[in-house]
Structure formats: C-alpha cells, structure tokens
Amino acid sequence: MTTNSIQLNVEKALEEIRPFLNSDGGDITLISIEDNKHVKVRLEGACTSCSVNQMTLRAGVETTIKKYAPEIETVVNVE
C-alpha cells in the first residue's frame, strides 16, 4: 500500500473509534505514521487521565487500526 492509502485507512479507523471516545469525554488525534508501520496518536480530553487508557489503546484503537491497515505493527500514545 502507498503511504497515502495507509494514512487514509488509519484515519478511517480513528473516525470509527472517535464516537466511543467522545461519549466518554475524550478524543484522539493522529500524530504520525513512521515507516508505514508505526502509528503515533495522542489520546485527549478525559482519555489522558483515564486509568484504562492503555487498555483502550490496545483493545480499541490498535485493533481497529489493524483492521483497516493490517500492515501497521505498533500503535503508541504520545503525550
């Protein structure tokens, strides 16, 4: 896949999860995609202080991103 199509797929994934984060007072922003396989995001709002944000990142965000862009290997939250 091209860099552009990977970014579009990652953004589609974030759009799918965003309503769930918004309902809890949070949000997510795509920071970067490195080497077409490492995604950096920023959890925002209520998600920054949530005690289960790492579970949300792995179970929700990473799983959804990999569904849209299977070539992604890691998803990390940057503050």
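This is a predicted model: local features need pLDDT of at least 70, side-chain atom pairs count only at pLDDT 80 or more; totals for chains, interfaces and linings use all residues.

Biologist: What pattern does the protein chain follow along the sequence?

Modeller: The chain contains two helices and three strands, and their order along the sequence is α-β-β-α-β. Its radius of gyration is 12 Å, close to the 12 Å given by the globule rule for 79 residues, so the chain is as compact as a globular protein of that length. Along the principal axes, the C-alpha atoms fill a box of roughly 35 × 20 × 20 Å. Of the 79 residues, 32% are buried. Among contacts between residues at least 6 apart in sequence, 49% join residues at least 24 apart.

Biologist: How is the packing of two helices described, and at what angle do α1 and α2 cross?

Modeller: Two packed helices are described by the angle between their axes and the distance between the axes. In this model, the axes of α1 (residues 3-23) and α2 (residues 53-68) come within 8 Å and cross at roughly 145 degrees. The crossing is right-handed.

Biologist: Which residues of α1 and α2 meet?

Modeller: From α1, the residues are N9, V10, K12, A13, L14, E16, I17 and L21; they meet T56, G60, V61, T64, I65, K67 and Y68 of α2. By class, this contact comprises eight nonpolar, four polar and three charged residues.

Biologist: Let us turn to one residue. Is I33 buried or partly exposed?

Modeller: Burial is judged by relative accessibility, with buried meaning under 20%. I33 lies in strand β1, and because its relative accessibility is 23%, I33 counts as partly exposed.

Biologist: Which residues is I33 in contact with, leaving aside its neighbours within four places in sequence?

Modeller: I33 is in contact with I6, Q7, V10, H38, V39 and I72. One of these, V10, also belongs to the residues of α1 that meet α2.

Biologist: How far apart are the C-alpha atoms of I33 and T74?

Modeller: Their separation is 9.8 Å, although I33 and T74 are 41 residues apart along the chain.

Note on methods. Residues are numbered from 1 along each chain as its sequence is written. Side-chain values use heavy atoms; hydrogens and water are left out. Axes are lines fitted to C-alpha atoms, for helices over the stretch in contact, and angles run from 0 to 180 degrees between N-to-C directions. Helices (H or I, at least four residues) and strands (E, at least two) are DSSP runs, numbered from the N terminus. A crossing is left-handed if the near helix is turned anticlockwise from the far one by less than a right angle, and right-handed if clockwise. Contact means heavy atoms within 4.5 Å. Ala, Val, Leu, Ile, Met, Phe, Trp, Tyr, Cys and Pro count as nonpolar, Asp, Glu, Lys and Arg as charged, and the others, Gly among them, as polar. The radius of gyration is taken over C-alpha atoms; the globule rule is 2.2 Å times the number of residues to the power 0.38. Buried means under 20% relative accessible area, exposed over 50%, partly exposed in between (1.4 Å probe, protein chains only).
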